[in-house]
Every structure is written in structure tokens, then in C-alpha cells.
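Dear colleague,

I am passing a structure on to you, and would be glad if you could look it over alongside the notes below.

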Amino acid sequence: MFVDERIVTLFKRNAHHTLTYWSVFFSFGLCIAFLGPTILDLQCQTNSTLSQITWVFFAQQFCLLIGSSIGGIFKRTLFSALAALFVSALTISVIFAIIPLCNNVLLLAIAMAVSGFAMGIIDTIANIQLVTIYQRDSAVFLQALHFFIGFGALVSPLIADPFLSETGCGNHTGNETEIVLHHRNLLRNSPIASHNINESSLPHEGGESNVHYAFWIMALINLPVPLAVLFLMYREQLIPCCPGMPRLLDKDELAMENQQGAEGSEVEQKEHAAGGHGNIFSCCQNDNLRGLPVSFFMIHILGGMVLFMTDGIVGAYAGFVYTYGVRPPMSLPNKTAGYLASIFWAAITAGRLLSIPLSYRFQPVRLLMFNLAGAIVTVLMLLIFYTSATFLFVGTFLCGLFLSSIFPCMLAYTEDILDYQGCATSVLVTSAGMGEMVMQVLVGSIIQTKGSYSFLLCGMIIACFGFIFFIGLLLFHRMHRNYLTGTTKKSAMVEEPATEQNGSAQTEQKAEPESS
């Protein structure tokens, strides 16, 4: 069989949970990509300038980072985890419904901040839940989980496209319109929805936008997601009116029996409950961290730094590949360059789909090595053939393909090293979000001062740093494995004399009645 029977059995046992988490991440993808194509209409709706409307996106990304950082506090019981997912998914639908009512940029920024916070909680909890359920077999299911983000990001512009205005309203100049149209092409992620925008046209007075219909449709499309979470809570008898509140660990133990056998599972679950996947702040304050080796902490740090760099490349490349394409030496037409970001996101989606069977056949560490090396080689080739428009499109697709599965592979690899008792999920999700935010600002400022060629140079430097951090992670993995081996040997040596003493004591007790 193509898939191991044990994997199929695990999936069947946890199918309802898994499908629910996948649907939540589809909603996550819809929310991430939906705002980009509507930037011009939102600017008209709020009567704001381009610099003001960009703060709306910053507010969403910043609060997404905060939500990711503290989302782990809801993982302690299955009830709290699913309740947080239900409230977050429902919040996203409500925000989409009220966006058309936000008539100034401050209200819009607050609404986007709330949605970003909900998205961050979804990001952390869904990853933690799948890792907790499937543990050593989680790589396949994490790849599928992150595929649904890309799938949602591809679908959402299709919904918005029929309702977008061609030019906008008359509250800005022609130059501002050109910049806004530039950003719309830059942020549109779907390779299917190619809106025909005339860059030379000027805005007209009183242009009426129908984008509010798109937001209301999105709110309705997203509504089944919180209902699915609520139904899962009902199936698990977690609705407050129903008695009983089974802990998340009950399902973990079922998964552990199929993977490692029943022997020793209770001990591991107790350790996991004491020092497992909490939020990033509680992880730092956990009393169980005392006495742990340096390698334990360095695995968290270096794993986070790898994702800080690679997710930073994803954010920077998707954000500025259009700018690089329209400027010299490429000087592509605006409409042609607008396809670059679409191709990049399509490659990420295809790469995550392709990684689902690959993660079953190959260990995460091998996929990480291959993807990081492939990303470096691709950016190097883009630097060499920096005047070739054809290779820019080919390299963009290859870059998205190699970067697509690094996050789920790193998550599975790091959690496997730490035997699912660390805080890797919270640390990695937070580090990836920080990298995407920081690198966009850093690379954008460098391009502004040094020119468009520095875009690829920055990508090469960031990718090389990511590979160096990965090599360091491999070294500390070796150190941590040696530490665990030494600890196991010491425990065995301590237990053996104790067993002999117990045996001799029992022999003496048997001999005493015989002599009497």
C-alpha cells in the first residue's frame, strides 16, 4: 500500500478532529489573502491615503503575531482548545461582515487587528493539536494542514474579483492611483483571478464599489467553519450543558498506543502535561526546564531562527517580487509582473500538496536539507541570470516550491527531537510570524535605498543564514541525542542494583519462614 495501514488507522480514529483543523486552516488562508486585492476599494471606503491604509495590514500582522504567541494557553484541555477555535473562527466571520461598515481607517484597523489576533490563535492551536494527536507521524498531516492555507489563499481572490472597482474614488491623485494599483497587483495571490486593470486610467469621481458584497459572501463561506468546530464539541460532549470534560490527553494516549505501544505511555503523558506545548511565555517560566541541557534550549532557538529566515523570505519575496520585476534591469510590463506573486503562491500550494506523500516516504530532516539547499541554489541562479525575464518566472516557481514545506517539516522534526515534551510549536509559530514581519520591513527599506538588485542579494544572504542555523540545529540534535543516551544508561545502572536488592530481600523473607 502507498500509505502504511497504521497511518490510515490513526487517521480514521481522529478523522473528525483532523478534518476540522484542516477546515479551520482553509478559513485562515481565506482571511490572509482576501484583503490584498481589495486594497483600492478599502482605501476609497475609508477615504484614506495609501500610507494610512497600509497600517491596517500591519495591525493585522502584528496582532496575528501576538495571537500566535499566547495561543498555546488554550491547549490544556480539549474543551479550551476547541472553544478557542470556535470563538476565533466565528470572530473572523463577524469581522468580515462588519468591514463594509467601517467608514474610517481607524475602525478598519481595529477590525483587522481583532481578526489577526483570532488568526494567530487558530495558527498555534491547530498545529499543536495535530502534533499532539499524531506525534511521530504528524509530518504528513502537518503538510496537509498547511496545504489548506495555500488553497484558501488561491480561492479567496476569486470571490473578490467580480466586485472590485476598476479605478476607485476621487480622493487621491493620479500618482497615488498608480501606486495603489501597483499594490493591488502586488498583493493579489490567485493565479486564476486576473483582474483586468488599466494602469493608465485615472480615478473618477463618485466611483461606486460593490466590494461589500464580497466581504459578506466571505463571511457566509467562513460560517460553516465555526459550526464544524461546534459540532465536534458536541460529538465530544464538551458543550457546557453536557456532563463531563475529557482532557486532550485522553486522545493522545490512544494515538500513542498505535505508535509506541501501551508500555510507558502514561509516564510520557504526565511529562507532556507538566511541560508540554504551552504559550511561549509559560514555556520560559516552566519549572520543569530546570536542569535541562543547553542543547534543549538551542534546538528551540535554532529551529525558530531557521523559520525566522525562511518565512521571512516568503514574506519578502511575495511582497517585493513585483517591484523587482517592473524596475530595471527587468522592466517588465505591470500586468506581466503582476503574475509573479501569483506564480509564487501557486508554487507554495503545489509544493505543500506534493510534500504530503513525500513526508511519508522521507524523514523531515532530509526534506529540510533538500528544500534549504534548493532555495539557495534557486536564488543564486536568479542572481546569475538577473537580466532574464524567463528565468525570473521559472526561479519564482522553484523558489516557492522549495520554501513551501519548510515550516511543517521543521515543526515535525523539532517536536520529534524533543519527544513532544518541549515548547517547539509555540516557539516556531511565533518565530515564523516575526520573521515574516521583520524581513518585509528590512528588505523593503534596503530596496528603497540600494536599488532593486539588492532584493535578490538580500534573499541569498537570508537563505544562507537559514542554512547555517540549520547546520547548527543538526549539531545540537546530535548533542541532545547523546545526552538522552547517557541519561538512559545512568537510569538503567541505578535501577539494576535496586532490583537486585529487592530480589535478595524477598529471598531472605522466604527463607525465614522455612527455618522457623
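What follows concerns its aromatic pairs and one of its cavities.

This is a predicted model, in which local features need pLDDT of at least 70 and side-chain atom pairs count only at pLDDT 80 or more, while totals for chains, interfaces and linings use all residues. Residues are numbered from 1 along each chain as its sequence is written, and side-chain values use heavy atoms, with hydrogens and water left out.

Rings of Phe, Tyr and Trp (its six-membered ring) are paired if their centres lie within 6.5 Å, and count as stacked with planes under 30 degrees apart, edge-to-face over 60 and tilted for the rest; by this rule there are 21 aromatic pairs. One of them, Phe231 with Tyr234, is stacked, at 6.5 Å centre to centre and 25° between the planes. Tyr317 and Phe455 form a tilted pair, with 5.3 Å between centres and 45° between the planes. This pair links distant parts of the chain, 138 residues apart, with Tyr317 in helix 14 (residues 294-326) and Phe455 in helix 20 (residues 454-515); helices are DSSP runs of H or I, at least four residues, numbered from the N terminus. Both Tyr317 and Phe455 are buried (under 20% relative accessible area, 1.4 Å probe, protein chains only).

Tyr317 and Phe455 are also among the residues that line the second largest cavity, whose volume is about 80 Å³. A cavity is a set of points on a 1 Å grid over the protein atoms alone where a 1.4 Å probe fits but cannot get out, lining residues have an atom within 4 Å of a point, and the volume is the space filled by probe spheres set on the points, which are joined across faces, edges and corners. Helix 20 gives the most to this lining, with five residues.

With best regards

Methods. Helices (H or I, at least four residues) and strands (E, at least two) are DSSP runs, numbered from the N terminus. Buried means under 20% relative accessible area, exposed over 50%, partly exposed in between (1.4 Å probe, protein chains only). On a 1 Å grid over the protein atoms alone, a cavity is a set of points where a 1.4 Å probe fits but cannot get out, and a pocket is an open set with protein on both sides within 12 Å along at least five of seven lines; lining residues have an atom within 4 Å of a point.
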